[in-house]
Amino acid sequence: MSQAVAALSRPRGGRGVALLSILVAGVVAFFSLGLDLRDLIPDRGGLTVLGKFFSRALSPALTYEASFVPEGTQPLLLKAIGSVFKTVLFAAAGLGLALLLGVVLGFFASNAWWVGDVSGNRNPIFRWVRRSMLPVVFVSARVLIAVMRSIHELLWATLFLAAFGLSDTTAVLALAIPYGGMLAKVFSEIVDEAPRDTVLALKGLGASPLQVFFFGLVTRAAPDLLAYLFYRFECAVRASAILGFFGYPTLGYYLAASFENLHYGEVWTYLYVLIALVSLLDWWSSAFRRSLAT
Amino acid sequence: MSRECQTGARFELRDLEVDYGSTRALAGVSLRVEAGEQIALVGPSGAGKTTLLSVLNATVRPTGGTIEVNGADLTAYSVRELRRARSEIAFVHQGLNLIPNIRVLHNVLSGRMGRQSFLGSLFSMLFPGRKRVEAVHEILDRVGIPDKLYGYTHRLSGGQQQRVAIARALYQNCRAILADEPVASVDPARARDLVVLLTSIARENGLTLVMSLHNLELAQRYFPRLVGLRQGELAFDAPTSDVSSEQLQALYDLSASQVVA
């Protein structure tokens, strides 16, 4: 019986091994870090803070909790909505710039447009240039992308803050650089995986390599590219909110201030507005993807 | 149909050889195709039909021999000149090879790409303008799907998509249509309709038509000249009425192919 089962069982492939090693690594890490679940039991002070914080979950503040509010301060709800708007603005500006970077770098980093697909030129000089220069372009694009995306947006923000001081431009740049790298990487992969049948057809009717790349590959990959872009926009909105902790005028700025002043009701107000925004984006992007699919 | 080709292309192949690495796809093929002629390429799978059509379309360079299109030697052409030559020859593929997730209009418009710059093609895709849209509509009307102008290509049936591919070929303003098993993925009744459509369009516009076909019956019925390919070599090249059933039998005969191999 067991022999029969063994004969039937599928040979274990790389996927099973990978999954198993991740699990093993997790267990090993857990013990080597000496993780203790008792650390999650709060002390008396922590318990009061937790209690105070979560007790306001169902009663977020509608007005400021501070005893003194200066004359002419925006009402809390208006400020919350305004800061969310600012958050989206930063995310949009950052992602817009990232899209530009991603498309250009993704083009140079993809295999599709130059490996073998360029029509066979017999001119030896052209061939030599292609063979020696294009790998350089390709590799430098890949390295640049790796550098851009391996440094987190918050690290870029810290760096820029130290170098240029607080300015909205640096916040946008801090978002645009890692996101541009991520978009470039994923774009080049999606484009490389797009089916090549249309490439053949467009080449056959005399299209240039750039036309073949753009219309034959990018157009085919467009639904996947757009879906990924939407996902990245969600991430950018969250990152932009967090940038507020560094002093940029996004949601995180007000969130941090309220938290430090122990105004937990206000914290929940800001959190709910953020959750509402992310859900809205999620709904929008899935509706958009559905419209592409059918 | 004002925007279509006026005169058919002439092809002349001499001792054509094509190698893919160590595999010989075509050996010593000589063939003359006159302007406006209609030829069916027949032969078993792997006989070199697709390779021969690709050479005629200037997408595969021969390793030996010459190919002339309208008297000009393609083997001497630069990349730019090859692109220009391709833009005058339309290719209807076995797979549909359309861009699936765009509208029919834009797939047909892509036919002109070979004569446009990158920005020019981008502009005409984004802002086709009334004249271009009307021209495309006219062609779609001709191939029998005028109501699909703004339809998404991947939502059409296989036969309708093949008509879009034919429309793209027509809009290309070509002088010849090469078709590689254009009816392989449609049912017999529609296959016949498509062959009739392609042959009559080619005749009306004076285009040269070279079509590879698995279906011998269709080839014999609608084409005045048959070219048989086998193992990369020309088995016969004659008016359809002169091709004997023994010749056709031998073309597909498995035991004979083993002898040759």
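Which elements of chain B have the lowest and the highest mean pLDDT? Let's start there, since this is a predicted model. Helix H10, residues 254-260 of chain B, has the lowest, at 50. Strand E8, residues 208-212 of chain B, has the highest, at 95. For chain B as a whole, the mean pLDDT is 87. In that chain, 95% of the residues reach 70 or more.

Two stretches call for care. Over residues 1-5 of chain B, the pLDDT is below 50. Beyond near neighbours in sequence, that stretch has 13 contacts in the model. Then take residues 257-261 of chain B. There the pLDDT stays under 50. The model gives that stretch three contacts beyond four places in sequence. Where pLDDT is low, predicted coordinates should not be read in detail. For the complex, the predictor gives an ipTM of 0.79 and a pTM of 0.74.

Next, one helix up close. This is H5 of chain B, residues 129-143. The helix has 15 residues. From its first C-alpha to its last, H5(B) reaches 22 Å, close to the 21 Å expected at 1.5 Å a residue.

Which residues of H5(B) are buried? They are Ala135(B), Val136(B), Ile139(B), Leu140(B) and Val143(B). Look down the axis of H5(B): the buried residues fall within an arc of 135°, so they line one face of the helix. Remember the general rule. An α-helix has 3.6 residues a turn, so residues three or four places apart point the same way.

What do the buried residues of H5(B) pack against? They pack against three helices of chain B: H3 (104-109), H6 (158-171) and H7 (188-205). Turn to the other side of H5(B), and Arg130(B), Lys131(B) and Glu134(B) are exposed. After H5(B) comes Gly144(B), with a positive phi near 95°.

On to a hairpin. Strand E9 (residues 225-230) and strand E10 (residues 233-239) of chain B run antiparallel. Six bridges join them. Leu229(B) stands opposite Leu234(B) in E10(B). Two residues lie between the strands of this hairpin. In the turn, Gln231(B) has a positive phi of about 55°.

That brings us to backbone angles. Most residues other than glycine have a negative phi.

One is Ala58(B), which is not a glycine but has a positive phi near 65°. Look in the loop between helix H1 (49-56) and strand E4 (64-69) of chain B. Is Ala58(B) buried or exposed? Ala58(B) counts as buried, because it has 25 C-beta neighbours inside 10 Å, and the cut-off is 20 or more.

The other is Asn173(B), again not a glycine, with a positive phi of about 65°. Its place is the loop between H6 and strand E7 (176-180) of chain B. Asn173(B) has 18 C-beta neighbours inside 10 Å, so it counts as partly exposed.

Methods: Residues are numbered from 1 along each chain as its sequence is written. Chains are lettered from A and ligands numbered from 1 in the order in which they are written. This is a predicted model: local features need pLDDT of at least 70, side-chain atom pairs count only at pLDDT 80 or more; totals for chains, interfaces and linings use all residues. Helices (H or I, at least four residues) and strands (E, at least two) are DSSP runs, numbered from the N terminus. The expected span of a helix is 1.5 Å times one less than its number of residues. A residue is buried if 20 or more other C-beta atoms lie within 10 Å of its own, exposed if 12 or fewer, and partly exposed in between; C-beta atoms are placed from the backbone. The arc is that of the directions from the helix axis to the C-beta atoms. Two residues are in contact if their C-beta atoms, placed from the backbone, lie within 7 Å. Two strands pair if DSSP finds at least two bridges between them. pLDDT is the predictor's confidence in each residue, from 0 to 100.
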